[in-house]
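Subject: Structure handover

Hello,

Here is the structure I promised to pass on. Please open it first, then read my notes below.

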Amino acid sequence: MRRVLERAEASWRIDRSALVIPPQMVVSGREQQNISLVGDDKWLLECAIARPTKAHEACICFGRIADADERELIREYLFLSLNYDSRDNVRGRLGVLKPGSLMQVGNIIRHFLQEVREAGLRLHEIDQPWLDQWLSAKRHLAPATLVYKILCVRRLALYTPSLSFRGIEIAPWGNRSATRIAGYRGGRENVTPRIPEAISAPALRWAMFYVHHGIDDLIARHRIAGINIAARRQRVSPKLSDQRLRAYLDALEASGSGVPATQDGRPAWPEICKASGLGVAVLKARSAMLEKAISQLGTERPGASSGWASMPGTNIAWRSHLPSFSSRYTFIPAIAACYLVIGLLSGMRGEEAAALKRGCLRLMRDEHGKVKGYELVGRIFKTRKNVDGAEHRWTVIEPVARAVLAAIRLQDYLHNSADRTEAPRDDEPLFKPALIRGVGNVQLTAHQSTVYLNYFAKECRRLAEEMAAAAPAEADRILALYHIPDEGDEPWRWRTRQLRRTLAWYIASQPFGVIAGMIQYGHASAMMFEGYAGTSQSGFRSEIEEERRLAQLSDIVEMYEDWKAGINPGGPMRSKLVAEFTSIRNKIGDLPGTVVDDRRRAKMLSNTAVTLHPGYINDCFFYADHALCLKVKGAEAQPAFTRCQPARCPNSVVARRHVLALQSCIADAETMKNGKNISPIQKHAIEAQIDIYRQLLEQVER
């Protein structure tokens, strides 16, 4: 096959004894680790990577590239990616790469060279028609992926004068932007999917259960089952074997446990071997002792008597049993549960949550020393020019603080069970992989976090189905509370970036559900918004504002469609809103039988949606001059639903989506009115409120 590369000159244009990583890219305190030279077969990049990353991504091994010329080209390309000076070149606006991306970039260039080889070309023979054909074959990929590949090819052309090989001698795609070439269009909505309430609610219930009870149950079970038998399983005398087995059976009797057995009633040999320190052959030779113990103590599934906590809202334990050899694997969903609570209720990006340290939690106290809030201290990496990011503080709510403490308890146990003599430090990662065997990453990476979250959801689904099968009388309630449903025909694919997007949507839209109740929108959403969302560094405020804009527009479009279908809104704002809808319909010709562009209709309605604030039993088209909730001393210039008078305030409107909430309020009020110890004055006040609810309901339903 024809060679792809041709040497430009005999000598190397890049000094093989130069340092790979420039000093300004080295993380503070790691200067002594910056030792890799250009000519080394292995580049160690850990000194320049502050984000959590896989161990193999922090090391570039050139020995895996068989072709010598290709190996040297990629070596020089990656070096220039970190060190190239653009010199204000028109095509030099690419900037330098970060060391953590070298592994991915190197793979892209290797695949590109392979495609050039298969086309029968040399690198310097590439022309624009061939590049257009190469790109058209990849149009099935996401635009973001295409942009990355286009930039890699452009870098290859940009670096040509500095490479020791003849490179691309044209300007790929001219001066057109990579985003336009890839098919990006301006003004696109964030395409990261939000986690549906039907999926996030049971997942969050499971996660909080792990934080409060599950982790402690698993630690207690592993402490019993995780006996270190490396030194005990050795050849011993028959007398000592009898003593060990007798001691084990006496311990079972003292704890009120049965002899571990399989589902069909046979002895669970792996469990008994691990707990007694004896081999299967030794135990089977003493079957008489075991049979006698079984007749006296009975049998049970391994771990059935470990005292598992009951699931809130049910009368059944969350586990029926847990074999000792499986107990360590259950720490994976436990770690994921803590990560889920922190990610879903804090607003952190995945890499920011993964980079938290053990000592990240701070208590905020008032002048009397009482805890008034919580902060997490971490680092922001996105948009930061310095390689180790910038320190940042997130104001969080109590469930997040509890999740941090639970993660610390779990990591302390894993640390101690590894027989480490030194105590864990506060600057160590909060999230470490639950290593089953061997050596792995020092801390949880973004990819591992995604794997852990999906494993957590799968395990929770299995446990919910087991509980429902074990308690048929409570099956419906168990499945309603704790079963994580599929999305369509497949399980929901969890990704760390979905957590931040979902939280932004909940704060912006303020729906009433499990997450809304967890965040306590009456107080905590304002505290969180002004805390972690209130700084431009995190970028979270802009995301919330965008979600709020989309939520407002979605609500007003829904009202407009209902009005067209004959369902009029209710409330004092009704006549003004109907007049606005009529005017918009007349302008765009949105009459029955006509086709109207959705974008044009949304544009017309967007002005109406600017002041819309969604609520539980009504929405508020907020105009400060008319707002009754502001007629209170010290009121802020924003809607206060706790003081809202939906039947009187000129800003109030009731839509079809509020009907169920109003019906629920009426039912609750009727129950309260018929309760004990209700005075006539209280009953009269409740009846007056019921009349208000019914008036609003009638305005929508008629």
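**What was found**

Keep in mind that this is a predicted model. Start with Arg493, which is partly exposed, at a relative accessible area of 45%. Arg493 sits in the loop between α15 (475-482) and α16 (496-509).

Is Glu490 buried or exposed? Glu490 counts as exposed, because its relative accessibility is 57% and the cut-off for exposed is over 50%. Glu490 belongs to a surface patch of negative charge, together with Asp486, Glu487 and Asp489.

Now the inside. The largest nonpolar core contains 74 residues. Those with the most contacts within this core are Trp206, Tyr210, Trp318, Ile342, Leu376, Phe456 and Trp494. Several elements supply two or more residues each, among them helices α6 (197-225), α13 (398-417) and α14 (446-470). Strands β6 (371-380) and β7 (390-396) are also on that list. Which element gives the largest share? It is α11, with 13 residues.

One last stop is Ala403, in helix α13. Ala403 has 0% relative accessibility, so it counts as buried. Its C-alpha atom is separated by 7.8 Å from that of Met208. Along the chain, Ala403 and Met208 are 195 residues apart.

Over to you.

Best wishes

Note on methods:
Residues numbered from 1 in each chain as written. Predicted model: local features only at pLDDT ≥ 70, side-chain atom pairs only at ≥ 80, totals over all residues. Heavy atoms only, no water. Helix = DSSP H or I, 4+ residues; strand = E, 2+ residues; numbered from the N terminus. Buried < 20%, exposed > 50% of the residue type's maximum accessible area, 1.4 Å probe, protein only. Core = buried A, V, L, I, M, F, W, Y, C linked by side-chain atoms within 4.5 Å. Patch = residues over 30% accessible without salt bridge, like charges linked within 9 Å, V, L, I, M, F, W, Y side chains within 5 Å. Areas by Shrake-Rupley, 256 points an atom, 1.4 Å probe, with all protein chains shown as cover. Salt bridge = Lys/Arg side-chain N within 4 Å of Asp/Glu carboxyl O. Lys, Arg positive; Asp, Glu negative; His and termini not counted. Charge placed at Lys NZ, Arg CZ, Asp CG, Glu CD.
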